[in-house]
Amino acid sequence: MSKYNSLWKYIQKNGSSSFKMTFAEIQNIAGIPIDHSFLKYKKELTEYGYEVGKIFMKEQTVIFNKVD
């Protein structure tokens with residue numbers, strides 16, 4: 001079980017084709033702050049029908065896109 005499972009499930013339930021979340025929102029849902037390991041774990045998201053589109057460090061946001 002991944003430390004980001006709760007986040008992946010939340011994203012899957014969202015159902016939008018593309019949406020943006022802040023690092024703070026991600027931390028609130030996942031229960032842990034986003035860190036460098038997120039880059040490794042983001043590959044798991046494809047199992048939930050989504051992918052990480054872009055990470056904006058300056059804005060502290062992440063774009064999630066639905067995979068066709």
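**Reading helices, salt bridges and burial**

Modeller: Let us begin with Asn5, which is found in helix α1, where helices (H or I, at least four residues) and strands (E, at least two) are DSSP runs, numbered from the N terminus. This is a predicted model, in which local features need pLDDT of at least 70 and side-chain atom pairs count only at pLDDT 80 or more, while totals for chains, interfaces and linings use all residues. Residues are numbered from 1 along each chain as its sequence is written, and side-chain values use heavy atoms, with hydrogens and water left out.

Colleague: Is Asn5 buried or exposed?

Modeller: Buried means under 20% relative accessible area, exposed means over 50%, and partly exposed lies in between (1.4 Å probe, protein chains only). Asn5 has a relative accessible area of 14%, so Asn5 counts as buried. The C-alpha atoms of Asn5 and Met57 are separated by 22 Å, and these two residues are 52 places apart along the chain.

Colleague: What does Trp8 touch, not counting residues up to four places away in sequence?

Modeller: Contact means heavy atoms within 4.5 Å. With those sequence neighbours set aside, Trp8 touches Ser2, Phe38, Tyr41, Lys42, Glu44, Leu45 and Tyr48. Trp8 also belongs to helix α1, and it is buried, because its relative accessible area is 0%. Between the C-alpha atoms of Trp8 and Glu51, which are 43 residues apart along the chain, the separation is 9.9 Å.

Colleague: At what angle do the axes of helix α1 and helix α2 cross?

Modeller: Axes are lines fitted to C-alpha atoms, for helices over the stretch in contact, and angles run from 0 to 180 degrees between N-to-C directions. Here the axes of α1 (residues 5-14) and α2 (residues 23-30) come within 8 Å and cross at roughly 110°. That makes the two helices, α1 and α2, roughly perpendicular, a label given to angles of 65 to 115 degrees, whereas those under 35 count as roughly parallel, those over 145 as roughly antiparallel and the rest as oblique.

Colleague: Which residues of α1 and α2 make the contact?

Modeller: From α1 come Ser6, Leu7 and Tyr10, and from α2 come Ile26, Ile29 and Ala30.

Colleague: How many salt bridges are there?

Modeller: A salt bridge is a side-chain nitrogen of Lys or Arg within 4 Å of a carboxyl oxygen of Asp or Glu, and by this rule the count comes to two. One of them joins Asp35 to Lys3, with the closest N and O atoms 3.6 Å apart. This pair links distant parts of the chain, 32 residues apart, since Asp35 is in the loop between α2 and α3 (38-41) and Lys3 is in the segment before α1. Asp35 is partly exposed, at 38% relative accessibility, and Lys3 is partly exposed, at 35%.

The side chains of Glu59 and Lys20 also meet in a salt bridge, at 3.4 Å from N to O. Glu59 lies in the loop between β2 (50-56) and β3 (61-66) and Lys20 in strand β1 (residues 18-22), so this pair ties together parts that are 39 residues apart in sequence. Glu59 has a relative accessible area of 48% and is partly exposed, and Lys20, at 46%, is partly exposed.

Colleague: What is phi of Gln60 near?

Modeller: Most residues other than glycine have a negative phi. Gln60, however, has a positive phi, near 60°. This residue, Gln60, is found in the loop between β2 and β3, and its relative accessible area of 45% makes it partly exposed.
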